[in-house]
Amino acid sequence: MNMPQQTIIVIGNGMVGYKFCEKLVAKSSHFNIVVFGEESLIAYDRVHLSEYFNGKSADDLSLSSSSWYEENGIALYLNDPVQEIDRSRKAIHSLSGITLKYDYLVLATGSSAFVPDIPGVEKEGVFVYRTIEDLDQIKAYSANVKTGAVMGGGLLGLEAAKALIDLGITETHVIEFAPRLMPRQIDSAGSGMLTSKLKALGLNIHLNKSTASFIGESKIEALRFNDDSTLAVDMMVISAGIRPRDELAKLAGLQVGTRGGIIVNEKMQTSDEFIFAIGECALYEGMIYGLVAPGYEMADIVAAWLTGGSKAFYGYDMSTKLKLIGVDVASFGDAFITEPDCRTLVFEDTYKGIYKRINISNDGKYLLGGILIGDADAYNILLQTVNNKIVLPPNPEDLILGSRGGDAGENAGAMSLPDDALVCSCEAVSKLSICNAVNDGATNIDSIKKCTKAGTGCGGCVPLVKDLITGALKANGQYVKNVICEHFDYSRQELYDLVKINKVKNYDLVLDHFGKGDGCEVCKPVIAGVLSSLWNDVIVKQDTIQDSNDRYLANIQKGGTYSVVPRIPGGEITPDKLIVIGQVAKKYGLYTKITGGQRIDMFGAHVNDLPQIWEELIDAGFESGHAYGKALRTVKSCVGSTWCRFGLHDSVSFAIEIEERYKGVRSPHKLKGGVSGCVRECAEAQAKDFGVIATEKGWNLYVCGNGGSKPQHAQLLATDIDNETCMRYLDRFLMFYIKTADPLTRTATWLNKMEGGMSYLKNVVINDSLGIVEQLEEEMQELVNTYHCEWKEVVDNADLRKRFAHFVNAPQAKDPNIKFEPMRQQVKAQW
């Protein structure tokens, strides 16, 4: 005789409520599961909510589909919140009038945004940052907003600030009551470094600020602080913390904490043994866990208990790693323990904006915790070192500084972790589970996600999972191939050689000869880059492109306009050419600015004006500056010995010679160079992909540096060389990079991943250890010989010019949606 199915009702269809359903159906099919959600959308990823402003849709963020619930026999009621729990009858009543009885009830009601009781909080233009519906309202209101502010400098507050920046609100302020950002995750020094980096990115940070009121009649116009200062804003997003959604539990008479939260035991049971609470609504030993991983663990505990298991909850590690507005931030273990209870090692680099702190046991054996700002690549291994009590190497400073030529210890690396090491905390996936999956045939990150779900939560474990995949494959004696995608069983380097040997010159033929299927958005730009680097053909003649800006040979900017950057080698320009730029800018209403690479950028061009603008510039002797492509951008220079009393050599002439040689050369990523006439380094040559600095005896050549969000100094390749030798080494270095780098990899990252590092590179480029320098020089000369100005190719080709029209049937008509507004005697696009 079959026992009747027990009914499990889940109140809440967020990430944790959905995860409970997923865990339960995986363990048993003997339950009747009913889910009530108050939103109209099925469960979606709140961890990556800010990506909604980067082009992701609600469907992209969805954790499943409506069909998933049907396939698993789950009744789903959306937009129908439960209003009452009748514990005596073990029944619930929903807003729409549904009454259902339950055997067990799971409360996954989550939390709501904490909104402080500030006068004026009800005004138009004040929002919270919690749901997709909130984001839709923020997005709609932001269309006419110039200045925005976020109340709260914690995790959610900085995510909200990023959302405003993504919406084009360049003047964004963060208001924090505490004396530092992220006070619960990082220490004062780390917060100071984070604040400096965020300010450098254009964010305005206000610390120790308490908001007294929101000023404005019907809508917000300004903030007034308790110190009587004010700040004009058009929009406010409140992200000042969370409040557990426990109101339904209170009405039902369940025990709640004095400051909110449904009290639960180690089985997630509330004061009613038939009712459980999980996620941000649950209060365990006075703690609300505001991360997704502990919520998933709670879901698994309840699912295990309902199916006869004995799993229990005894607290959770709140270590976290994230990227805030492009800045890595992480804390792990006991981040705030201080001496004399531990030994603390700190590394601080104010130039690069990096702060690392690790706390070590007094006997030097174990890592207790730490904080990482600006560079969190080592987070996963450091976290595993803490959690698994791995004995530290003899020089524990190597954990944050690198080996520096010494012995980093035998325990370094992912494969040295114990089998039961928890790699993915969101899904409770161990190292052994991942390695077993690799042994069973899951040899890439996508297949590992499908069979173990590792990396499908917050995503922070993905780098470590990839290391384990590679390590497990190598341990099995398998060759680890870095294929570009499912359509090509080759790496970029292998395809480069195959395309060259077989003289294939378009994407379709490459796919026919060496690939399968129809291709994808991963392999198309990679192949386009390979074809460009090999044959140097006009990029717009290709069916596929390496970069979206290549389509119109200009950088697309805000408001649908484009920028035009002519080449100005070495920053040297004649008065006549300056006059032409001024005339063109005035004629087409363009905003002009001197760039960091010593060129002049003209913004605000309509797409159908581009060929005419280029034609006038070409007639004056200009050519494309390739500011839009993965190619050489500029070779910056100081004035050198021509004018400067400190200059040792003519840096301008050499910079022009270098730029003229490598202009138009396509590569895996953009290239920048610099030539400085003395060690005072006015051209910032050591912050470039290649840099040349004058010495008494010639030039020092540096390679593999870059600026950007993770700046890195270039390293010395050769000393005291003459012009000819320097150019020859550059030919070899650049061609070797073009042939061997992975897609979208800057030279700095390429060198960092290169076995043997700079010693190996020197042997290849200078000592010819591979016997290929003659070939490298010849291949570079072929690219130099086939140079063409892409702008001129379009100007002289009627068919190509036709592509530069906003309306095909009205080629002269401009996009009516593009609007401009005045700014400092020029104009900028409205956004």
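What share of the 831 residues in the protein is buried? Buried residues make up 53% of the 831 residues, where buried means under 20% relative accessible area, exposed means over 50%, and partly exposed lies in between (1.4 Å probe, protein chains only). This is a predicted model, in which local features need pLDDT of at least 70 and side-chain atom pairs count only at pLDDT 80 or more, while totals for chains, interfaces and linings use all residues. Residues are numbered from 1 along each chain as its sequence is written, and side-chain values use heavy atoms, with hydrogens and water left out.

**Overall architecture**

- The secondary structure of the protein comprises 25 helices and 38 strands; these are DSSP runs numbered from the N terminus, with helices (H or I) of at least four residues and strands (E) of at least two.
- Along the principal axes, the C-alpha atoms fill a box of roughly 90 × 65 × 60 Å.
- Of the contacts between residues at least 6 apart in sequence, 63% join residues at least 24 apart, a contact being heavy atoms within 4.5 Å.

- An open sheet is formed by 5 strands in the order S9-S16-S10-S11-S12, with parallel pairing; two strands pair if DSSP finds at least two bridges between them.
- Strand S9 (126-128) and strand S12 (204-206) are the edge strands, each pairing on one side only.
- Neighbouring strands of this sheet are turned by 20° against each other on average, direction ignored; axes are lines fitted to C-alpha atoms, for helices over the stretch in contact, and angles run from 0 to 180 degrees between N-to-C directions.
- Strand S10 (residues 147-151) is joined to strand S11 (residues 171-175) by 5 bridges, and the two run parallel; within S11, histidine 173 stands opposite alanine 149.
- Helix H5 (residues 155-166) packs on the sheet and touches S10, S11 and S16, its direction making about 165° with that of S10.
- Helix H4 (residues 132-141) lies across S9 and strand S16 (235-238), running at about 150° to S9.

**Nonpolar cores**

- The largest nonpolar core has 79 residues, and those with the most contacts inside it are Phe20, Ile85, Leu107 and Ile278; such a core is a set of buried Ala, Val, Leu, Ile, Met, Phe, Trp, Tyr and Cys residues joined through side-chain atoms within 4.5 Å.
- Helix H8 (residues 292-306) gives the most to this core, with 9 residues.
- Leaving aside neighbours within four places in sequence, leucine 107 is in contact with residues including Ile11, Ile85, Ala249, Leu254 and Ile278.
- Another core, of 60 residues, lies apart from the largest one and has Leu495, Val703, Leu730 and Met780 among its members.

**Isoleucine 325**

- Isoleucine 325 is found in the loop between strand S21 (320-324) and strand S22 (327-333).
- With a relative accessible area of 14%, isoleucine 325 is buried.
- Not counting residues up to four places away in sequence, isoleucine 325 touches Leu158, Ala161, Lys162, Ile165, Leu198, Leu201 and Leu203.

- Strand S32 (residues 632-637) is mostly covered, 6 of its 6 residues being buried.
- S32 is joined by 4 bridges to strand S33 (residues 671-676), and the two run parallel; serine 637 stands opposite valine 675 in S33.
- S32, helix H19 (residues 651-662) and S33 make a left-handed β-α-β unit; a crossover is right-handed if, with the strands pointing away from the viewer, the path from the first strand over the helix to the second runs clockwise.

- Most residues other than glycine have a negative phi, and most peptide bonds are trans.
- The peptide bond from glutamate 339 to proline 340 is cis, with omega near 10°; proline 340 is in the loop between S22 and strand S23 (343-349).
- Methionine 268 is not a glycine, yet has a positive phi of about 70°; this residue is in the loop between strand S18 (262-263) and strand S19 (275-277) and is buried, with a relative accessible area of 0%.
- Histidine 626, also not a glycine, has a positive phi of about 50°; this residue is in the loop between helix H18 (610-619) and S32 and counts as buried at 1% relative accessibility.
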